[in-house]
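These are my notebook entries on one structure.

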Amino acid sequence: MKRQTMKMRQSITNFIVHVFLAVLGFIWVLPIFFVILTSLRKEAGQYKSYIFPRAYTLDNYKNLFNQASSLTFGRWFINTLIVAIFTCIFSAFFVLCVSYVMSRLRFKMRKKFLNIAMILGMFPGFMSMYAIYFILKGFGMLEAGPLKLVALVMVYSGGAGLGFLVAKGFFDTIPKTIDEAAFIDGATKWDVFRKITIPLSKPIIVITILNAFMAPWVDYIFAKVILGQDRKYYTVAIGLWTMLEKEFVEYYYTQFFAGCVLISIPIAILFLNIQRFYVEGVSGAVKG
C-alpha cells in the first residue's frame with residue numbers, strides 16, 4: 001500500500017510538473033509564433049483585432065530586398081554580417097589571449113587586475129558611450145561612412161578582453177603539466193598557446209565566437225550613437241527599428257517582422273551547428 005501511495009504521489013507530482021513546463025513552453029513559443037504569422041500576413045497596417053492573418057503572402061520577405069525602397073534591408077544585413085565577422089575574429093583573439101595570460105602566467109598586480117576587471121564588468125557598457133563617441137569623433141572616424149563600420153568593430157572588440165573570466169575558467173581545467181612538458185622540449189609560451197592550448201580549447205573558442213557574433217545583430221545603443229542618421233550604413237537592429245517610426249510603420253510593419261525572422265536564421269544555424277561545443281564550453285568553465 002505504501003509503495004502504491006508513493007507511486008501515485010510521484011505520478012501526480014510528475015503530471016503537475018509536466019503541465020507547468022508545457023505552459024511555460026507555450027508562453028515561450030507564443031511570441032515567436034506571433035512574429036512568424038505577422039511576417040506572412042498579407043494585410044498591411046499595424047495592429048489587427050485578430051491573430052491569424054486573413055491571407056498569407058511571401059511578399060513581405062521579397063519587399064525587404066526591393067532596391068527601390070528607401071529602407072534597404074539587404075544593405076543593412078550585409079553591413080551587420082561584415083561587422084559580426086570581424087568582431088568575431090578580433091574579440092576571440094583578445095579574449096583568448098587575456099584569458100591565457102591570466103590563467104597561466106603569474107606576475108605583479110595580477111590579482112588586482114582580476115579584481116579591477118571584475119568590478120568594471122559589473123557596469124553596463126553603454127555608460128561609456130558618450131566618451132567613446134567623442135574619442136572616435138576626435139579621430140575623425142565618424143565623418144566618412146565606411147569608417148563608421150570600422151569604428152563599430154573597434155567598439156565591439158575593444159572591450160571584449162574584459163569578458164575573459166569564462167574563458168579563464170576553462171583554461172584552468174587544462175593541466176599545466178602539458179605546458180611544462182612543452183617548455184622542456186623547447187617550446188615558447190606563444191608556441192604552447194598556439195599549438196597546444198588553442199587546439200584543446202575548441203569549446204570555449206566556439207562560445208566566445210558565438211557571443212561576439214550575436215552582439216552586432218542585437219545591439220542598438222552603441223550602433224545608433226556611432227552610425228547616427230546615415231541609413232546607408234545602418235545595422236539591422238537600427239534599420240528594423242526605423243521601420244517602426246511613424247512615417248514608415250503603416251507600410252513596413254509586416255516587413256519588420258519578416259526582417260526579424262531573417263536575422264534569426266544565421267544565428268540559429270550557427271548555434272545548432274555548434275551547440276555541442278557551446279555546452280562543453282560552459283560546463284568546462286563552471287568546473288574551473
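Is Pro31 buried, partly exposed or exposed? I found Pro31 partly exposed, with a relative accessible area of 46%; buried means under 20% relative accessible area, exposed over 50%, and partly exposed in between, with a 1.4 Å probe and protein chains only.

Basis of the entries. I worked from a predicted model, in which local features need pLDDT of at least 70 and side-chain atom pairs count only at pLDDT 80 or more, while totals for chains, interfaces and linings use all residues. Residues are numbered from 1 along each chain as its sequence is written, and side-chain values use heavy atoms, with hydrogens and water left out.

Entry on Pro31. I placed Pro31 in helix H1 (residues 2-39); helices (H or I, at least four residues) and strands (E, at least two) are DSSP runs, numbered from the N terminus. From C-alpha to C-alpha, Pro31 and Ile82 are 29 Å apart in space and 51 residues apart in sequence.

Entry on the largest pocket. I noted a volume of about 1,100 Å³ for the largest pocket. Among its 30 lining residues, Gly125, Val155, Tyr156, Gly159 and Ala160 are the closest to the centre. A pocket is an open set of points on a 1 Å grid over the protein atoms alone, where a 1.4 Å probe fits, with protein on both sides within 12 Å along at least five of seven lines; lining residues have an atom within 4 Å of a point. Grid points are joined across faces, edges and corners, and a volume is the space filled by probe spheres set on the points. Helices H3 (73-104), H5 (129-138), H6 (145-158), H7 (165-172) and H10 (202-218) each supply at least two residues of this lining, and H10 gives the most, with six residues. I recorded the lining as 19 nonpolar, 10 polar and one charged; Ala, Val, Leu, Ile, Met, Phe, Trp, Tyr, Cys and Pro count as nonpolar, Asp, Glu, Lys and Arg as charged, and the others, Gly among them, as polar.

Entry on the second largest pocket. Its volume is about 300 Å³. I counted 13 lining residues, of which Trp217, Val218, Cys260, Ile263 and Ile267 lie nearest the centre. H10, helix H12 (236-242) and helix H13 (249-287) give two or more residues each, and H13 gives the most, with six. This lining holds 12 nonpolar residues, one polar and no charged. Cys260 is partly exposed, at a relative accessible area of 22%.

Entry on the cores. Which residues touch the most other members of the largest nonpolar core? I found Phe73, Leu227 and Met243, out of 42 residues; a nonpolar core is a set of buried Ala, Val, Leu, Ile, Met, Phe, Trp, Tyr and Cys residues joined through side-chain atoms within 4.5 Å. The largest share of this core, 10 residues, comes from H13. Apart from this core lies another, of 14 residues, among them Ile174, Val192, Phe193 and Ile204.

Entry on Gln255. Gln255 lies in helix H13 and is buried, with a relative accessible area of 2%. Residues up to four places away in sequence aside, Gln255 touches Asn60, Asn63, Leu64 and Met243; contact means heavy atoms within 4.5 Å.

Entry on cysteines. I found zero disulfides, a disulfide being a pair of cysteine sulfur atoms within 2.5 Å. For Cys88, the nearest cysteine sulfur is that of Cys97, 16 Å away. Cys88 is buried, with a relative accessible area of 9%.
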